[in-house]
Amino acid sequence: MDARDAARLLKGVRAAALAGDRPPAAPRPEIAESWRRMMAGGVHPDRDARSRVLSAAETEERRQVSPLREILPVLREGLLPALDESLHIMVVADADGRLLWREGHSGILRKADRLGFAVGADWDEAVVGTNGVGTALVTRRPVQVFSAEHFVSSHHDWTCAGAPVHDPRDGQLLGVVDVSGPLATMHPATLAWVSSVARLAERELRVRHLESLERLRAVAAPLLARLPGRAVAVDPHGWTAAVTGLAPADRVQLPKALGPGRLWIPQLGDCVAEPLPGGWLLRLAESSAAAAVSRVVLDLSRPRSWSATVYGAAGSWSQELSPRHAELLFLLAQTPRGRTAAELAEELFGDPTRTVTVRAELSRVRRHLAGVLSHRPYRFAEDVEVELIRPRDPAGLLPHSTAPGVVRARLGLGGPWGTPRRQPGDVVP
């Protein structure tokens, strides 16, 4: 049976299902289940419903916070070389069904635009019906949707194959990679192809996770060697990097709201949590009482290498800072009372509405500097002494930065809240 004959048969199957009649052939189980969800949810089978498309700024904010961004090179390498010849496009959507990236054959991209299959669009199953993105998100399994297997009739000239991508650290669903094209481009091997590439992408995330554990182990091992009693260093998902004084477990189940201080962990009992770059040091109760972070040295004196050195009871450790994180910590050091996300967005981008990006970046910073930073508003913790080391030449302060707050500081001007000028080596109270 060729593609056209199969499409005609499926249209008869769909029509019978909608009418409650006996179909000429049974739909595949995953498609039948999806159709039942669509009918129960009130999705119109012949109306092309679309939700609001995200703006370019909203889409970019989602891209910046999505872990899928890390695996785009794997997806592109595995899929793009064959897309032009096979008249397909690749789409990557987040866990909400929002299309964040779309690449492939230019002519097919134009056809997809007319269908609303565009960057920023919402392809959740409850919005657009059975499809390779939304249905894969619901079932958490790879799915191929051909012609009239799409619940909404305007999609019947298309075929698509989507595979979910999960975070190997905690099993969280990150999104879907989908390959779509016109009806005539359908091939039964497409689903296996897309699924294989999705698994390669998950393997890349797993490799990155192991590398991050190695970095955490390099920081934690010297600290553990000096500590009395029992302790374990874990990443933010509870995966063990190093232990002392007890048998190692692959993973420790951490509470959802983990912060510095005393806490109860079922596997370990009464513990004291202290932040490490990329994780936590968990000291079991018989060890000495918790010592919170007491001092942070923010060194911005070098032109392309910035760091934060944290001092606490377990010793000291340093964290290299990305350009964005260096900007954020500098702005917080400039205002001991703290700043809201909107104020930081104004100081970083000149746009107070870009709070999603600010919160995402600060979330990353706090994973490394938990116990050092507080929020509501964002600021250095009350009992932490902060030393800010600037370059001798003010023009050398974060020279890459175009953030308005940093530019004003380079020029020796105060911020909009009357931020005082500080000299190199000044201590921020």
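How many nonpolar, polar and charged residues are there in the lining of the second largest pocket? There are 11 nonpolar, 1 polar and 2 charged residues, where Ala, Val, Leu, Ile, Met, Phe, Trp, Tyr, Cys and Pro count as nonpolar, Asp, Glu, Lys and Arg as charged, and the others, Gly among them, as polar.

Before we go on, note that this is a predicted model, in which local features need pLDDT of at least 70, side-chain atom pairs count only at pLDDT 80 or more, and totals for chains, interfaces and linings use all residues. Residues are numbered from 1 along each chain as its sequence is written, and side-chain values use heavy atoms, with hydrogens and water left out.

Back to the second largest pocket: about 210 Å³ of space lies in it. Of its 14 lining residues, the closest to the centre are Ala-6, Leu-10, Arg-28, Phe-146 and Glu-149. Here a pocket is an open set of points on a 1 Å grid over the protein atoms alone, where a 1.4 Å probe fits, with protein on both sides within 12 Å along at least five of seven lines; lining residues have an atom within 4 Å of a point. The volume is the space filled by probe spheres set on the points.

Now find helix α9, residues 323-334. Its 12 residues reach 17 Å from first C-alpha to last, close to the 16 Å expected at 1.5 Å a residue (1.5 Å times one less than the number of residues). Because 10 of those 12 residues are buried, α9 is largely enclosed by the rest of the structure. Buried means under 20% relative accessible area, with a 1.4 Å probe and protein chains only. Among the buried residues of α9 are His-325, Glu-327 and Phe-330.

Next comes strand β6, residues 231-234. Ala-231 and Ala-233 point one way, Val-232 and Val-234 the other, and all are buried. β6 pairs in the antiparallel sense with β7 (residues 240-244) over 4 bridges, and with β10 (residues 279-284), also antiparallel, over 4 bridges; pairing takes at least two DSSP bridges. Ala-231 stands opposite Thr-244 in β7, while its bridge partner in β10 is Arg-283. Between β6 and β7 lie the 5 residues of a hairpin, where Gly-238 in the turn has a positive phi of about 90°.

Terms used. Helices (H or I, at least four residues) and strands (E, at least two) are DSSP runs, numbered from the N terminus. Buried means under 20% relative accessible area, exposed over 50%, partly exposed in between (1.4 Å probe, protein chains only).
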